[in-house]
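Q: Please go through the labels used for this model and say what each one rests on.

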Amino acid sequence: MKKTLLCLLLSSIAATNANCAFAADKVKVGMVTTLSGAGAGLGVDIRDGFSLAMKHLDNKFGNLPVEVITGDDQQNPDATKQLVDKLIKKDKVDLMTGIVFSNLMLAVGPTIFGAKVHYISANAGPSQYAGEQCNPYFFNVAWQNDSLHEAVGKQVNDKGFKNVALVAPNYPAGKDALTGFKRYYKGKVAEEIYTKLGQLDYATELAQIRGLKPDAVYIFLPGGMGINFIKQFVDAGLSKNTQLFGPGFSADEDIIKAVGAPMLGMFNASQWGHDMDNPQNKRFVADFQKEYGRLPSLYASQGYDAAMLMDSAVRGVKGKIEDKDALGKAIKAANFKSVRGDFKFNSNHYPVQNYYARIISKDAQGRVTNKTLSAVFTNHPDAYVASCKMQ
């Protein structure tokens with residue numbers, strides 16, 4: 001208000017129309033994520049990781065205070081659209097993040113990009129935005145949907161499994177998942193089984209798997225879906241003769257906490273692990289446990305990195321976030337230390353990074369948790385970057 005009055009006064013004195021575009025006095029971040037339903041644990045972890053980063057940053061990006069406006073997308077496209085419209089038109093946010101599910105990201109992407117709001121994805125990484133629909137206002141600090149699945153596909157292939165059943169929900173990320181897995185797995189696919197998104201009862205699918213008699217089963221079932229499937233898989237006795245594999249987010253700390261010992265011996269792959277040995281990660285993991293009383297998941301690590309990337313960008317433009325082009329360049333520069341170590345974007349604004357094999361085992365404290373093994377891929381780009389003609 002004071003700046004507006006000053007502008008009007010200067011205009012009156014000079015008898016001209018003064019330029020009333022002022023530098024921002026704070027940064028508004030729109031956090032739209034899943035906080036209810038079967039996927040709530042994923043959104044909660046992204047939110048909590050982001051919140052911890054804000055605490056580490058004294059609630060500032062550069063020298064500017066930050067206001068985070070959070071909303072629950074309810075894992076519903078209509079609810080997501082309403083939240084995004086409010087954040088852009090009423091709240092006038094400068095940056096956005098938080099969406100977990102790719103179908104929701106695809107539903108609201110055009111609105112966000114049309115408003116020229118930079119979106120930092122802490123999870124959703126649809127193939128469309130990595131390839132032909134890549135956009136200068138979309139950055140993914142996590143992964144492209146296919147990439148973790150590619151790493152597990154190679155892991156399964158290298159271990160010599162020849163007949164694998166695949167299970168994923170029937171939505172964009174589920175289809176990207178199985179496409180990625182098959183890109184590096186060269187054996188026989190016993191069956192591709194697509195379930196409903198949010199499904200919690202897998203009696204039919206487990207009966208189908210029993211009849212197929214595969215050597216291994218690969219699942220992409222995030223959140224409550226994975227918790228229920230793994231419990232039912234073990235209870236049905238299928239784990240005795242069939243090795244279970246999944247991407248990191250179907251075998252992460254939130255799933256382990258809910259399932260426990262039945263997950264021992266499950267292999268998965270991730271770009272991050274709580275046992276990674278670098279200063280940023282050690283601080284993040286230790287402080288997350290103090291703050292929330294649990295080990296962080298990779299979703300939490302991605303929320304944390306999203307905030308740190310935003311901070312680096314605001315610092316990079318010296319707080320002049322109204323300069324959209326400069327802000328985009330500062331985001332692309334990624335001048336921050338990720339909990340994964342060094343971080344860089346490819347030309348399509350998706351990461352080029354390492355992916356690691358992990359196994360669920362007991363650590364020195366007797367906890368059932370993930371242990372990072374060795375790199376499956378080093379400096380791995382996504383499969384769609386060649387199709388991106390960034391405008």
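A: In this predicted model, both Cys 134 and Cys 388 are buried.

Q: What makes Cys 134 and Cys 388 a disulfide?
A: The sulfur atoms of Cys 134 and Cys 388 lie 2.1 Å apart. A pair of cysteine sulfur atoms within 2.5 Å counts as a disulfide, so the label applies. The structure holds one disulfide. With 90° about the S-S bond, the link of Cys 134 and Cys 388 is right-handed.

Q: Which parts of the chain does this pair link?
A: Distant ones: Cys 134 sits in the loop between α5 (127–130) and β6 (138–140), while Cys 388 is in the segment after β13, 254 residues apart.

Q: Why is His 380 called buried?
A: The relative accessibility of His 380 is 8%. His 380 is found in strand β13 (residues 368–380).

Q: Which residues does His 380 touch, not counting those up to four places away in sequence?
A: Glu 150, Tyr 184, Pro 351, Val 352, Gln 353 and Tyr 355. Contact here means heavy atoms within 4.5 Å.

Q: What makes the space of about 120 Å³ a cavity rather than a pocket?
A: A cavity is a set of points where a 1.4 Å probe fits but cannot get out, whereas a pocket is an open set. The space of about 120 Å³ is the largest cavity, and the structure holds one cavity of 30 Å³ or more.

Q: What lines the largest cavity?
A: The lining has 15 residues, and Asn 123, Asn 145, Tyr 171, Ala 173 and Phe 220 lie nearest the centre. By class, the lining divides into ten nonpolar, five polar and no charged residues.

Q: From which domains does the lining of the largest cavity draw at least three residues each?
A: Domain 1 (27–143 + 276–345) and domain 2 (146–270 + 355–380).

Q: How much space lies in the second largest pocket, and which residues are closest to its centre?
A: About 260 Å³ of space lies there. Of the 14 lining residues, Glu 253, Asp 254, Lys 257, Arg 294 and Leu 295 are the closest to the centre. The elements giving two or more residues to this lining are α2 (40–56), α10 (253–259) and β13. With four residues, α10 gives the most.

Q: How does the lining of the second largest pocket divide by class?
A: Into four nonpolar, four polar and six charged residues.

Terms used: Residues numbered from 1 in each chain as written. Predicted model: local features only at pLDDT ≥ 70, side-chain atom pairs only at ≥ 80, totals over all residues. Heavy atoms only, no water. Buried < 20%, exposed > 50% of the residue type's maximum accessible area, 1.4 Å probe, protein only. 1 Å grid on protein atoms, 1.4 Å probe; cavity = no way out; pocket = protein on both sides within 12 Å on 5 of 7 lines; lining within 4 Å. Points joined across faces, edges and corners; volume = space filled by probe spheres on them. Nonpolar A, V, L, I, M, F, W, Y, C, P; charged D, E, K, R; others polar. Domains from an automatic or database assignment.
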